[in-house]
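Subject: Structure handover and findings

Hello,

Here is the structure for your files. My notes on it follow below.

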Amino acid sequence: MHPTEQAILTAVQQAENILVITHVGPDGDALGSITAMGVALRQLGKKATLLCDDGLPERFNYLPMARQVQPPNEKRLTSYDLLIAVDCGDETRMGQSFATLPTAVPTIINIDHHVTNTYFGDIQLVVPEAVSATEILYDLFRAMGVTITTDLAMCLLTGVVTDTLGFRTVGVTAKTLRIASELVDAGADLPLITTRGLSSHPYSTAQLWQLGLNNMRLEDGLIWTKINNTQREAIGYNNTSTGGLVNFLGNVNQAAISAVLLEMDDGTVRVGFRCNPPYSVSELALNLGGGGHPLAAGCSLDGPLDKAEALVVAMGKETIRQQQSGFSED
Ligand SMILES: [Mn+2]
């Protein structure tokens with residue numbers, strides 16, 4: 001066993017009450033990871049509390065332990081022996097679930113695959129090459145002797161399928177496919193996961209696309225759009241993600257980088273970035289106080305929306321210029 005895996009196993013064995021937190025505005029990998037960890041800890045005879053600021057969207061309610069994934073509430077204990085953060089590039093991604101903890105947790109384990117991970121915590125299992133946090137968890141669980149049950153396979157495959165957009169992203173390797181096939185062998189329902197994790201969406205998401213596509217602009221390789229708070233509230237869209245719109249825009253042939261700005265009710269602006277190789281958006285997001293992966297990243301900016309837009313457009317175009325001059329030197 002790798003020393004980091006051994007350290008995680010020891011920390012888990014020594015802990016009684018374990019807190020697991022995933023990132024705000026959770027995606028399929030965040031939710032697959034937190035529920036997978038919950039199922040694994042339960043199998044190991046541990047008590048686990050699963051926290052996520054924004055709860056679990058209904059389309060992921062097929063996940064085992066889905067109902068246990070909650071925003072911080074009275075069910076939370078006053079102290080925990082161990083905190084495991086999954087799919088979080090930095091501590092702020094854990095949101096209020098972490099920020100409002102009444103007492104500090106003595107040991108923090110950071111399990112993640114974001115290239116911008118800050119290596120927070122006491123034990124770090126950060127694997128940027130992994131296509132999803134659940135891909136890391138698969139290897140970890142195997143090393144820890146956790147049995148990959150059908151329940152666990154459903155959680156793990158959900159992360160792999162959603163973060164790779166159905167095995168379509170550049171990081172997908174033969175190993176990813178081998179893990180996926182192991183998970184299907186263990187009983188995971190791939191068509192269900194693909195439908196619920198990637199294809200299905202509420203009408204409000206279609207309305208968000210309608211608004212976003214109406215406002216879309218393309219200049220100097222940057223394609224972007226914005227949705228203000230009034231528009232967002234009018235359609236009842238209460239998610240911090242862009243509902244796939246930023247991916248759609250990122251695949252416009254004439255665009256190098258795409259950005260979608262979403263104004264939230266507290267006045268902050270959530271920004272999603274996408275691009276295709278050889279471009280990268282992780283540095284751009286990091287420079288704006290966020291983080292992510294080379295081809296998919298994001299940040300949260302202070303309002304007002306027009307000011308945030310001006311910043312994103314200026315820095316987005318500058319990123320494209322700089323990266324293009326880098327390509328021509330090679
Ligand atoms: Mn992820």
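The chain splits into domain 1 (3-199) and domain 2 (203-329), with bounds taken from an automatic or database domain assignment. Their C-alpha centres are 26 Å apart. Eight residues from domain 1 and eleven residues from domain 2 make the contact between them, where contact means heavy atoms within 4.5 Å.

This is a predicted model, in which local features need pLDDT of at least 70 and side-chain atom pairs count only at pLDDT 80 or more, while totals for chains, interfaces and linings use all residues. Residues are numbered from 1 along each chain as its sequence is written, and side-chain values use heavy atoms, with hydrogens and water left out.

Metal site

The manganese ion is coordinated by Asp 29 (OD), Asp 87 (OD), His 113 (NE2) and Asp 163 (OD), at 2.1 to 2.4 Å. Donors are N, O and S atoms within 2.8 Å of the metal (3.2 Å for Na, K and Ca); water is not among the atoms, so the site may look incomplete. Along the sequence the donor residues follow the spacing D-x57-D-x25-H-x49-D. Asp 29 belongs to helix H2 (residues 28-43) and Asp 87 to the loop between strand S4 (82-86) and helix H3 (96-99), so the pair ties together parts that are 58 residues apart in sequence. Helices (H or I, at least four residues) and strands (E, at least two) are DSSP runs, numbered from the N terminus. Asp 29 is buried at 0% relative accessibility, and Asp 87 is buried at 1%. The classes are buried for under 20% relative accessible area, exposed for over 50% and partly exposed in between (1.4 Å probe, protein chains only).

Helix packing

The axes of helix H4 (residues 133-144) and helix H6 (residues 174-185) come within 11 Å and cross at roughly 65°. Axes are lines fitted to C-alpha atoms, for helices over the stretch in contact, with angles from 0 to 180 degrees between N-to-C directions. On the H4 side, the contact uses Glu 135, Tyr 138, Asp 139 and Arg 142; on the H6 side, Lys 175, Thr 176, Ile 179, Glu 182 and Leu 183.

Single residues

Phe 60 sits in the loop between strand S2 (47-51) and strand S3 (69-70) and is buried, with a relative accessible area of 0%. Leaving aside neighbours within four places in sequence, Phe 60 touches Gly 28, Leu 31, Ala 66, Thr 158, Thr 162 and Gly 197. Phe 60 and Gly 197 are 137 residues apart in sequence, yet 7.0 Å apart in space, C-alpha to C-alpha.

Ser 204 is in helix H8 (residues 203-214) and is buried at 14% relative accessible area.

Backbone

- Pro 277 to Pro 278 is cis, with omega near 5°; Pro 278 lies in the loop between strand S10 (269-275) and helix H11 (282-287).
- Gly 303 to Pro 304 is cis, with omega near -5°; Pro 304 lies in the loop between strand S12 (296-301) and helix H12 (305-329).

Tyr 119 has a positive phi of about 55° although it is not a glycine, and is partly exposed at 45%. Phe 167, also not a glycine, has a positive phi near 60° and is partly exposed at 25%.

Regards
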